[in-house]
Structure formats: C-alpha cells, structure tokens
Amino acid sequence: MPDIFRDVIFDYTLRNVALGSALLGLVGGVLGTFAVLRRQGLLGDALAHAALPGIALAFMLTGSKAPIVLMVGAAVTGWLGTLAIIRIVGDTRLSEDAALGIVLTVFFGLGIVFLTHIQHSGDASQAGLNRYLFGQAATLVQENVVTMAVSGAVALSIVALLFKEFKIFSFDPEFAASIGYPVGRLNVLLTSLIVAAVVIGLQTVGVVLMAAMLIAPAAAARQWTNRLGSMAALSAFFGAASGVAGAMISVSASRLPTGPMVILAATAIVVVSILFAPERGIVWDSLRRRRLRRELFRADRTAPA
Amino acid sequence: MKDATQSSPDKPLPPGDPVTVRDLTVAYRDAPVLWDIDLTVPEGRLVAIVGPNGAGKSTLIKAILNLVPATSGTISIYGKPYAAQRHLVGYVPQRGSVDWDFPTNALDVVQMGLYGQIGWIRRPGSRERRIALECLDKVGMVDYASRQISQLSGGQQQRVFLARALAQDAQIYFMDEPFAGVDATTEKAIIDVLRELRARNRTLVVVHHDLETVREYFDWLVLLNVRVVASGPVEETFTLENMQAAYGGRIAFFSGFHAPAIVGSSTGSRALGD
C-alpha cells in the first residue's frame, strides 16, 4: 500500500495525474469560494459546458490536438459564455438561472454538433477529443501540468492582489459601487478567472463534472470557518487533497476513471463537513438541540418548588 | 475621547447645496419609478424621505448615488457630479440587501467603509482597525467586533452598517430604512448618532417608514410618491393634506397624525415640537 505514495513521487504518469488533479482542485477551490458565496455555483457549470465548442473549433481551425491550443479555444468560448450570461441578465427580463440554463445548453449543444461533425469528417487524428467530455487524466503529460501550474499561478496571484476588492464586491456590490469600485469590470474579471479555473480542469475532469470542483471544496470549507481568507485557503486545500486522493484511488484500483474519483473524493469531504463541522455540522446541531430539550424538561420538573 | 482620528468640524465645507436634483426621471422598462423630481437638500439637516410602498424612495437614493441609471435629469452633490464627490458621501444600504451569512466579522465589515480611502490592492492595517473600532464604539457594538455577522441580531447588524458609514467620515449620508425592524436599543443608538452628526453640520438623508417618529426625529421632509409631493421643513410639510396627497385615503387610518396637525394649525405654530 505505501507503494502508492512512493509512486506519486517517482512514477511519471501518476505524478502528472496527481499534480494535475491537485492543481485543478487548488485553483477551483479558491475561485469556487467566490462563486459559492455569490450564489453562483452553477455559473461554473455553464462556463465549463461553454468551453466544449471552443475545444472542437480550435481543433477544426488548427488541426492540432495540442492541449495548449485546445485550452485557448476552451477559454475563448468559455469567456464568450460569460459575457453572454452577463448580457442576458443585464439586458433582458430573464433571471440568472434562465441565463445560465440557456448558455449551458446552447453552447454544449453546439459543442456536441462540432464534435460529431469532426468524427464524421474521416480525419483519423481526431480520435480522443471526446475525452474532454468526462476528462482523462491519464493523458496528462508534464508539459500540460506546467501549463496548468503557470495559468493557475497567474489566476491565484490576481485573487491574492485583489482579495479585498473581491471581498467587498462579493459581500455588498452596491456599497462597493457607491465608493467607486467598477463593479461591472470586477464581475467580468472574477468570472474570467472562473473560466481559467474551468479550463485548467478540463483535461482532468471534463466539461460535465467540472462544476463540482468549484462548488464542493468551497461548500465544505464554509462549514469549518467564518473568515473569508481561511475559507479560501481551506477550500484550496480540500480541492487539492481531493485531486491527489482521486488520482491515487484511480491508480491503485485499476480501471477507475480519475476525474470521477476526484469528484467523489471531494463529495466525501463535503458530506463529512456538513455532518461534523463543529459549529455548522448537522450532528452537533441536533445533539445541542436534544441536550437543550433535556435540560428544559428537567428544569420544568424541578422548578415549581 | 471623541473623534481622535476622524477629522472634522474644522474641515472646510464644500460650496453649494449637499444635493441638487433637477428634472430627474427614472424608469424601469415601461413604468416610471420617479417622475420629474426637483429637489434641493440644505446643509446640516436630518432629512426624511417618506412615502408609500413603491413611491421610489430607495430608487431616489440609488439614483443620487449613481447606482441606478437616470432616464433623464441631472444630479449634483455640492455642485458637482457624484463621481467627483464620492469622498464626501456615506451610504447605508438596506440591511436585507446583503447575505449576512457571508464569512466575515463586524470589524471587517466596518473596515469596508475605509476601502475608498485605502485604494486598490493595499490591505487595511492598524490605523483602519483603530478607526473601525471607534466607529463600532459609537454605535455601542465594540464588544461584538470579532463576532461573525450572522450571529448578530437584526438591530446589531443595522448598527454595524451604520458604523461602516461612520468610518467613511462623510459630509452627507444616505441611509435606506435604517430604522426598519430594529429593537428599541438600536433605534435609540441610531438616532443619537444621527443627531450627533447633524450637530457637526453633516447632512443626513434617510428613507423612513414610521410616520409616528417623523416629527420627533427629523427637521426636513421629502414626501415622495413617484413625484415629489412636498419638500421642506417638517413643520410646514408634515400636514394632513400633504400626507393624504402622498398616501391617498389610507392616511386616514393613521390616528397619531391628526393631533399635531390640528394643534399646529389652530395654535399657529409648532405646539408639539420637542
């Protein structure tokens, strides 16, 4: 069993898979914190789906399957999806959930159409594009991991620099606007960073499951802390830990897919957090309530003296 | 003890009226929410904006603060557009407009009032912490500084919002329903702070819903129902006719109103003033 820990360090494939998954969890965890607090958990889902046509288009235009090319394509349509959502919410009477639903399905539908077209075009080199649907971490090479690390570092540096601005914007956008923050631009920037997090995760978990890596670590982290900074840090840790755990499980039990295992690991953390977190956990909550009831009952019986 | 760090009474006053609104119309899609508003708010007054539900009270404040776009008209703060005068303005939004389960504490929220001064990227430091604690002290909340904001009562949350506005150290304050649904202690704390600010010649524009306290708390009234029904000193504007014009027949149910209005008109002047 300890072999698996040695392999994470020394085995080329496993190391890349584990590092890639950890990076995805780390970046997704931090940006998911803001998405969850702004009640925009599903935004990540829409953006991830919006990335699919970009992947297909990038391949159709360049004939290349190099991850960096496909990531750029994914980022472009993911970002267009972002703008579409912001415009729909701002300019029409549709509510945000409707805007998210429209962008998610339209972009994803387009992506499937493009992918099907590519498959039937007889181009033998196209095999494997489908893996962006559910991710295929085993195909990660060192170069991918380096690209993910660099783009993740850029995204996280921006969050670190603008932490105070993102905080006030997430908590009270009206007040932020009243003291002069350009909230429209902050919104575009924060959402673009979520696009970056999505793109970083595509090769590992794919467009369909990516949203979970934005929502789960942040939702779990919120249970344990009442400070935004520690919530973001904890969420990053939960995300990275799920990434590594998912990678290790999928390798040690052969033929289990990495992406879904990462998601399941994150889900396990959420379940434990919701049940057992000291202040907000359901278990302690119901124990507290039961004890209070018992005390009231006892006080009731002894009081009339 | 008082105002060790907050600059103040000696700050030179900017020229012009605190707020001037000319021909302001705001429409959401088809319906006008505010129609042809003309308004001047004089310096150093405690101003109530009063009117029925849907009268556009919050929208008026938000239009002045540039938070909702004006369909037409001009607004100036001390003679200049809002964007140039932000540093003179403090804002208390409606308490229900934010998620109080946000992971932060009272001190942190109050420090947000200083973000405009701190500027981009820089973090609040010990100076900001000290000012924020002083502002919490003024609203009687200094013992709750490190409390997670969801663990505060509604009134305490409202006082935290007020403290955040105090941290802004503004010349004119806009407050959206600060007295809505608060306990008696909070109401007393808020009105004390507002009076102290007025004593220091600050101007306060407050959306208010409780007609019983208009006369006691405020000295200037803007009566609103999409249009400005009346605007001026409370003794002159808080009359039965004006209230009926703003509220329609519904004002008849408000029993407390008759006494001062009738006394005021029969004895010639503010018999019930405090």
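Author: Leaving aside neighbours within four places in sequence, A:Ile194 is in contact with A:Leu31, A:Ala35, A:Leu43, A:Gly44, A:Leu47 and A:Leu214. The model in which these contacts are found is a predicted one, and the predictor gives the complex an ipTM of 0.87 together with a pTM of 0.88.

Helix H12 itself runs over residues 258–276 of chain A, and its 19 residues reach 27 Å from the first C-alpha to the last, close to the 27 Å expected at 1.5 Å a residue. Its buried residues are A:Thr258, A:Gly259, A:Met261, A:Val262, A:Ile263, A:Ala265, A:Ala266, A:Ile269, A:Val270 and A:Ser273.

From helix H2 one can follow the chain to A:Arg39, which lies in the loop between H2 and helix H3 (41–62) of chain A. A:Arg39 has a positive phi of about 55°, although it is not a glycine. This residue counts as exposed because 11 other C-beta atoms lie within 10 Å, where the cut-off for exposed is 12 or fewer.

The other chain meets chain A in a contact that takes 17 residues from chain B and 20 residues from chain A. On the side of chain B that touches chain A, the classes come to 11 nonpolar, 4 polar and 2 charged residues. Taken by itself, chain B has 11 helices and 9 strands, and 44% of its 274 residues count as buried. Of the contacts in chain B with a separation of 6 or more, 68% are between residues 24 or more positions apart.

One pair in chain B shows such a separation along the chain: B:Arg198 and B:Leu46 are 152 residues apart in sequence, yet their C-alpha atoms are separated by 6.7 Å. B:Arg198 lies in helix H7 (residues 184–199) of chain B, and, not counting residues up to four places away, it touches B:Gly44, B:Leu46 and B:Leu204. With 17 other C-beta atoms within 10 Å, B:Arg198 is partly exposed. B:Asn201 has a positive phi of about 65° although it is not a glycine, and it is partly exposed, with 14 other C-beta atoms within 10 Å.

Chain B averages a pLDDT of 87, and 86% of the residues score at least 70. Over residues 1–9 of chain B, however, the pLDDT is below 50, and this stretch has 8 contacts in the model beyond near neighbours in sequence. Over residues 258–274 of chain B the pLDDT also stays under 50, and there the model has 11 contacts beyond four places in sequence.

Conventions
Residues numbered from 1 in each chain as written. Chains lettered and ligands numbered in written order. Predicted model: local features only at pLDDT ≥ 70, side-chain atom pairs only at ≥ 80, totals over all residues. Helix = DSSP H or I, 4+ residues; strand = E, 2+ residues; numbered from the N terminus. Expected span 1.5 Å × (residues − 1). Buried ≥ 20, exposed ≤ 12 C-beta atoms within 10 Å, placed from the backbone. Contact = placed C-beta atoms within 7 Å. Nonpolar A, V, L, I, M, F, W, Y, C, P; charged D, E, K, R; others polar. pLDDT = per-residue confidence, 0-100.
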